[in-house]
Amino acid sequence: MGTKRIVIVGGGAGGLALASKLGRKLGLKSKADILLVDRSPIHIWKPKLHEVAVGAIDKSFEGLLYRDHGLKNGYRYQRGSLEALDPDAKTIQLSALYNEQQELLMGPRTIEYDYLVLALGGVSNSFNTPGAESHCIFLDSLQNAEQFHGQLLDGLMLLDETQSRLSIGIVGAGATGVELAAELHHVVESVREFGYQNISKQHLDIHLIEAAPKILPQLPDRVSGRAQAVLDKIGIHLHLGVQVKEVTKEGFTTQDGNLIRADIRVWAAGVKGPNVFSDLSKLPITPRNQVEVDACMRVKGHTDIYALGDCAQLILADGKPVPPRAQAASQMADTLYHNILNRLAGQAEAPFEYRDYGSLVSLSRFSAVGNLMGNLRRGDFFIEGHVARFMYLSLYHRHLSSLFGWFSALVYRLAQKLLRWQRPKLKLH
C-alpha cells in the first residue's frame with residue numbers, strides 16, 4: 001500500500017470522524033500519515049454550539065482536545081487556518097498564528113499532501129445585508145459561541161443591577177435560531193439559583209426573525225407548528241415573513257421600515273462555504289462559496305482532492321444538493337473513509353448515497369420535536385417530548401461513537417454525566 005500523507009482540513013463532525021477512522025485503521029499501524037488541521041484546539045459538536053453560547057455546557061469538559069484524541073486514535077493534529085492551496089504542487093498554506101495578545105507565534109506554514117480532504121464546514125450567510133457582519137454574532141464556530149456567552153454574562157450582570165430589560169435578536173428560525181431562543185429562556189429561569197435574584201423572564205425579550213412564513217421552514221408543517229406552539233408558550237417574540245434590511249447597534253431594520261431593538265444581535269440565517277474558498281482560484285467554487293465535487297466527493301478536475309460536508313456541493317441523482325446537516329456530513333465521512341481505503345488498495349470508489357433519517361430539534365428542557373424517516377415504516381412520522389429528546393441525545397452518542405468506537409463512547413459519555421453532576425448547571429464565568 002505504501003505510506004501516503006492524507007491531510008484533512010477541518011475538524012468538524014465530518015472531518016474529525018474521518019480522521020479518527022483513518023487513524024485507527026491506518027495511522028496506528030503506520031500504513032499512512034493522517035494529519036488533521038483546525039484553527040481551534042478543541043472540538044465541539046456543531047449542533048451543541050448554542051448550548052456553549054448560553055453556558056449550558058462547558059467546553060472544558062464537553063470539548064474534545066484534538067491533540068490528545070489524535071494521539072490515541074492514530075492521527076496528528078496541527079493548529080492553523082487554510083490560507084492558500086496549490087493543486088499542482090500538492091501543497092496547502094496555513095496562515096500565520098497569533099496568541100490572544102496578537103503577538104506572532106509562527107509565520108505561514110506549507111504542508112505537502114498526497115490526498116487532501118476539505119472539511120471546513122459552512123458559515124452563516126449574511127446575504128450581503130448591510131451591518132450584519134459588523135453588528136451581529138455569527139453562531140457558527142466555538143469562538144463566536146464564546147463571544148456570545150461573554151456578552152450574555154455582561155447583559156445578565158447589568159440586568160440584575162438595574163432591573164431594566166435585555167433584548168436579544170436572532171435572525172433565522174432554522175434549527176440553530178430556534179434552539180438558541182429556547183435555551184435562552186431556560187437560562188433566564190435558572191440564573192436565580194446562582195444569586196441573580198433580581199432577574200425574571202419578564203426582564204428578557206427574545207426576538208426570533210424569519211423571512212419565511214413559518215419557523216423551521218425546511219421541516220414538515222407538523223414539526224414546525226409544534227415547535228412554534230412551544231416558543232409561543234414560553235414567550236418568544238416571533239417575527240415571521242419579515243426580512244431584515246439593515247443591522248445597526250440599535251437592532252434590526254426590516255424591509256417595511258420597522259426597528260426591532262436588540263442589545264445582542266445574532267445572525268443564524270443561511271449557510272455558505274468558508275470565506276477562504278473565494279480565494280482558491282484553481283478550484284471550482286460556486287456562488288455560495290462551496291466547492292463542486294462529483295458523486296465520489298472528488299473535487300471536480302482534481303482527483304487527489306476531496307471535499308465533504310457543508311463546504312461541498314454534491315448534486316444527488318434527483319438533481320438536489322446534499323443538505324447542510326450534521327447527518328449528511330457524517331454519512332459523507334463514512335463513505336469517503338471506505339473510498340480512501342479502496343483507492344489505497346487499487347479498488348474502485350463508490351458514489352455517495354444520502355439517506356435522510358429525519359430531523360430533530362431540541363427545545364431545551366421544554367421539549368424536543370422532529371420527524372423520523374427510515375425503515376421503521378414508509379414515509380416519516382412525527383415525534384415529540386421525551387421520546388424526541390431521547391432520540392436527539394442518541395444522535396450525539398452516534399457522533400461520539402464515530403470518534404471513539406461504541407464502547408469508548410459509552411465510557412466517555414458516562415464520564416461527562418458524572419462531571420456534570422458535580423459541576424454547576426450553568427457556566428457563569
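Guide: The turns below consider salt bridges in this predicted model.

Visitor: How many salt bridges does the structure hold?

Guide: One looks for a side-chain nitrogen of Lys or Arg within 4 Å of a carboxyl oxygen of Asp or Glu. The structure holds 17 salt bridges. One of them joins the side chains of Asp33 and Arg76, with 3.0 Å from N to O.

Visitor: What separates Asp68 and Lys72 in helix H4?

Guide: These two residues, whose side chains meet in a salt bridge at 3.3 Å (N to O), are 4 residues apart in helix H4 (residues 66-73), or about one helical turn. As exposed means over 50% relative accessible area, Lys72 is exposed at 57%, whereas Asp68 is partly exposed at 38%.

Visitor: Which parts of the chain does the pair of Lys282 and Asp86 link?

Guide: The side chains of Lys282 and Asp86 form a salt bridge at 3.5 Å, N to O. This pair links distant parts of the chain, 196 residues apart: Lys282 is in the loop between strand S21 (271-272) and strand S22 (291-292), and Asp86 is in strand S6 (residues 82-86). Lys282 is partly exposed, with 43% relative accessibility, and Asp86 is partly exposed, with a relative accessible area of 26%.

Key
Residues numbered from 1 in each chain as written. Predicted model: local features only at pLDDT ≥ 70, side-chain atom pairs only at ≥ 80, totals over all residues. Heavy atoms only, no water. Helix = DSSP H or I, 4+ residues; strand = E, 2+ residues; numbered from the N terminus. Buried < 20%, exposed > 50% of the residue type's maximum accessible area, 1.4 Å probe, protein only.
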